[in-house]
There are 2 protein chains.
Amino acid sequence: MISNKMAALAQNNSVIRAMFEEGNRLAAQFGRENVFDFSLGNPNFPPPEAVKSAIRDVLDDTSPVDIHGYMSNAGFPAVREAVAHSINRRHGTSFSSGNIIMSVGAAGALNSVLKTLLNPGDEVAAFAPYFVEYGNYVANYDGALKVAPPNIPTFQPSAESLETVITAKTRAVIINTPNNPTGVIYSEESLRAIARVLTKKSKEFGAPIYLISDEPYRELAYDGVCVPYVTKLYPDTFVCYSWSKSLSLPGERIGYIVIPSELEDFSLIFDAVSIATRVLGFVNAPSLIQLAVARCLEAQTDICAYDQNRRALYDGLTSLGFECVFPQGAFYMWVKAPGGDDKAFVAAAKDENILFVPGTSFACPGYARIAYCVAKSTIERSMPGFKKIAAKLGVSK
Amino acid sequence: MISNKMAALAQNNSVIRAMFEEGNRLAAQFGRENVFDFSLGNPNFPPPEAVKSAIRDVLDDTSPVDIHGYMSNAGFPAVREAVAHSINRRHGTSFSSGNIIMSVGAAGALNSVLKTLLNPGDEVAAFAPYFVEYGNYVANYDGALKVAPPNIPTFQPSAESLETVITAKTRAVIINTPNNPTGVIYSEESLRAIARVLTKKSKEFGAPIYLISDEPYRELAYDGVCVPYVTKLYPDTFVCYSWSKSLSLPGERIGYIVIPSELEDFSLIFDAVSIATRVLGFVNAPSLIQLAVARCLEAQTDICAYDQNRRALYDGLTSLGFECVFPQGAFYMWVKAPGGDDKAFVAAAKDENILFVPGTSFACPGYARIAYCVAKSTIERSMPGFKKIAAKLGVSK
């Protein structure tokens, strides 16, 4: 009684739900404080104070009809202008409001862009490991996701492997940097190599292959590592940004799309993405929070707290003998499964009331993702459990 | 360089945009105050004070991580429970949180439901005149919208004409009451007749035909006219509600879906709609405004002001000789085009700097929609213009 596409998704969803319910079962049995849930990318840190002040100020100084009313599908012009200026100031670009479409988070942004680009049977490429929803988003428009294999052990995207999955049907490549699940920041060198491949292949096939840069973790970079601004390296790029992590606002569904004027068929595509936003039922990004984030463009979540978690978890796990990718950004630790079996690793952890996600869920078996956007004490108190897992799986220093 | 579907939409969109730009051109030429724009359903009245207080209270008494964080795709359990209780109290139903999914407005709600139900080639029926986006929403999932002809002059939906468009491929029927564009409230008699047809046809074809009740105007009913609660008349119903009009929050994108436990394949479908909400990129309804509306469930927009507009416009137009459907609800006046040519009517109005939408845009030529969610003075000051239109088109009392 449901569509074939949804039947397949409902079937698949039960795996994730099973993990969620297992967490609840364990919490009921052992107490919530004795369950160590590293499975979700849900920030445990509050938004900066500036967000609350901004919401209050908007309520005080703006007419309610303007705060809560419709605006053009692309968003409030003044908000789009403020966003463009903020990007320009930080990245040396030269965008205007005419390059910005406010979106219902990065997920809404990706869907509006994919709806605009894809005919049935078109292909979109991504690098493993990748955020599992990309496949669902592409399937919404009857496209097919083609996956370039993981580049072990650096997890930098490999332009060579990208080249092997690009065909005449490829309309776009999705990248995500800082990366979920690896924590790797794609280097300028890696991005330039990707740009070279896309330029060559666009010419070969006589149609642009667009880059879609999914950037919810842009502001979460540690040790001053640079996150290159992708439109400067490849103009046929859509940037899909979200404040979910940078301002800890994941429930608010607020982000934006950058479409550079240099992008091929800019006007046609900009208009089409706006229309797609309407036709898909987003209509526009939520209005009050649009006005609020425009006043917090220089605010930041507490990245030092994430950094402390990063170091505590990395030091703890490596001292036990686990092999981890040292994260440059985001809030995920990408850990090699002892013996190479990520499902066995996840199962052994569950015996210690520790929950995290197998790499198989990101098209990269043999690894696992441990989300450290949790209280630091959760990391510290989980270490005896990790020690038992290490013993059980024969990990040694 | 854009998908075939979007190319068609972009082409079509230029008609609506042309009207919008014409309005701006006229405003620049004659001054905004001399242009009478009745084209958009954008409430001109502010939300009730309770909304602002509720947002402030949520900010003050709830932890920021809880206000702005992720929750399950269906929404905050406490919000869903409060919504269910409010519906039960007012309509004598017996819903719980398990029947409610919070949505990104009614547009998001409709898309999540249609994604759940439709395979390519499936059909959805609607009654003319209907909100033009229904066709786009159905096309998102490769379905086809089948339109029952308008029932002139009452514009009550005709069960007989519905029966003629239902086939073995029909998966759902969309209704909208109080109706955009006619202002008609579907009577219990009309709804019972629809229910009888759907029950008969579901049996005949061996699969349920669902009713989808699009209800952004539910609270906007005048003179105490009853708006029947549809799930009580036909259990295989999805209610798609929005606070856009009832609390004047169209920019916030906040609404909900009701799925009754009695609906065929309830559990499977409830889960699938939640997943569709995630996979389409909505993820969840915006969080702060979810928490705020849950505290304003008994608040109301100023319906007396709409009522005054309704009477002023109806009296003004009919005294000039125009034939109007007297609106029972919503904030639209449905006016017969003098001579039967709605495009000529709209063109003659534009000469007087008066803007409204031809019935052709709602699959019902020969009529026009005048949105009276404007300042009352706009209605009063437009009357000399309407008088000239009447004279020009030979309307007489």
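Student: Hi! Starting with the dimer, how many residues of chain B are in contact with chain A?
Tutor: Hi there! In this predicted model, 61 residues of chain B are in contact with 61 residues of chain A.

Student: Which elements of chain B give two or more residues to that side?
Tutor: They are helix 1 (4–30), helix 2 (49–61), helix 3 (64–68), helix 5 (105–117), helix 6 (133–140), helix 9 (266–279) and helix 10 (287–293) of chain B.

Student: And which one gives the most?
Tutor: Helix 5 of chain B does, with eight residues.

Student: What about nonpolar, polar and charged residues there?
Tutor: The side of chain B that touches chain A has 34 nonpolar, 19 polar and eight charged residues.

Student: How is chain B laid on chain A?
Tutor: A turn of 180° with a shift of 0.0 Å along the axis does it, and the RMSD is 0.0 Å. That is the relation of a two-fold axis.

Student: Why do the copies meet through the same surface?
Tutor: Because 100% of the interface residues of chain B are also interface residues in chain A.

Student: Nice. Let's go inside one chain. What domains is chain A divided into?
Tutor: Domain 1 of chain A takes in 4–47 + 301–392, and domain 2 covers 49–293. Their C-alpha centres lie 27 Å apart.

Student: How many residues are in contact between domain 1 and domain 2 of chain A?
Tutor: On the domain 1 side there are 28 residues, in contact with 30 residues of domain 2 of chain A. Helix 1 (4–30), helix 11 (303–319) and strand 10 (332–336) of chain A each give two or more residues to the domain 1 side. The largest share, four residues, comes from helix 11 of chain A.

Student: How do the residues on that domain 1 side divide?
Tutor: Into 17 nonpolar, seven polar and four charged, on the side of domain 1 of chain A that touches domain 2 of chain A.

Student: Switching to strands: what is the order in the open sheet of chain A?
Tutor: The four strands have the order 9-10-13-12, with antiparallel pairing. Strand 9 (324–325) and strand 12 (357–358) of chain A are the edge strands, each pairing on one side only.

Student: How many bridges join strand 10 to strand 13 of chain A?
Tutor: Five bridges join strand 10 of chain A to strand 13 (residues 367–371) of chain A, and the two run antiparallel. If you want a spot to look at, Met333(A) stands opposite Ile370(A) in strand 13 of chain A.

Student: Which strands does helix 11 of chain A touch?
Tutor: Helix 11 of chain A packs on the sheet against strand 9, strand 10 and strand 13 of chain A, and its direction makes about 10° with that of strand 10 of chain A. Helix 12 (residues 342–351) of chain A also packs on the sheet, touching strand 12 and strand 13 of chain A, and its direction makes about 40° with that of strand 13 of chain A.

Student: Last topic! At what angle do helix 5 and helix 6 of chain A pack?
Tutor: At about 35°, with their axes 9 Å apart. The crossing of helix 5 of chain A and helix 6 of chain A is right-handed.

Student: Which residues meet there?
Tutor: Ala107(A), Leu110(A), Asn111(A) and Leu114(A) in helix 5 of chain A meet Glu133(A), Tyr137(A), Val138(A) and Asn140(A) in helix 6 of chain A. The residues of this contact divide into five nonpolar, two polar and one charged.

Conventions. Residues numbered from 1 in each chain as written. Chains lettered and ligands numbered in written order. Predicted model: local features only at pLDDT ≥ 70, side-chain atom pairs only at ≥ 80, totals over all residues. Contact = placed C-beta atoms within 7 Å. Nonpolar A, V, L, I, M, F, W, Y, C, P; charged D, E, K, R; others polar. Domains from an automatic or database assignment. Least-squares fit on C-alpha atoms with pLDDT ≥ 70 in both. Pairing = 2+ DSSP bridges. Axes fitted to C-alpha atoms, helices over the stretch in contact; angles between N-to-C directions. Left-handed = near helix turned anticlockwise from the far one by under 90°.
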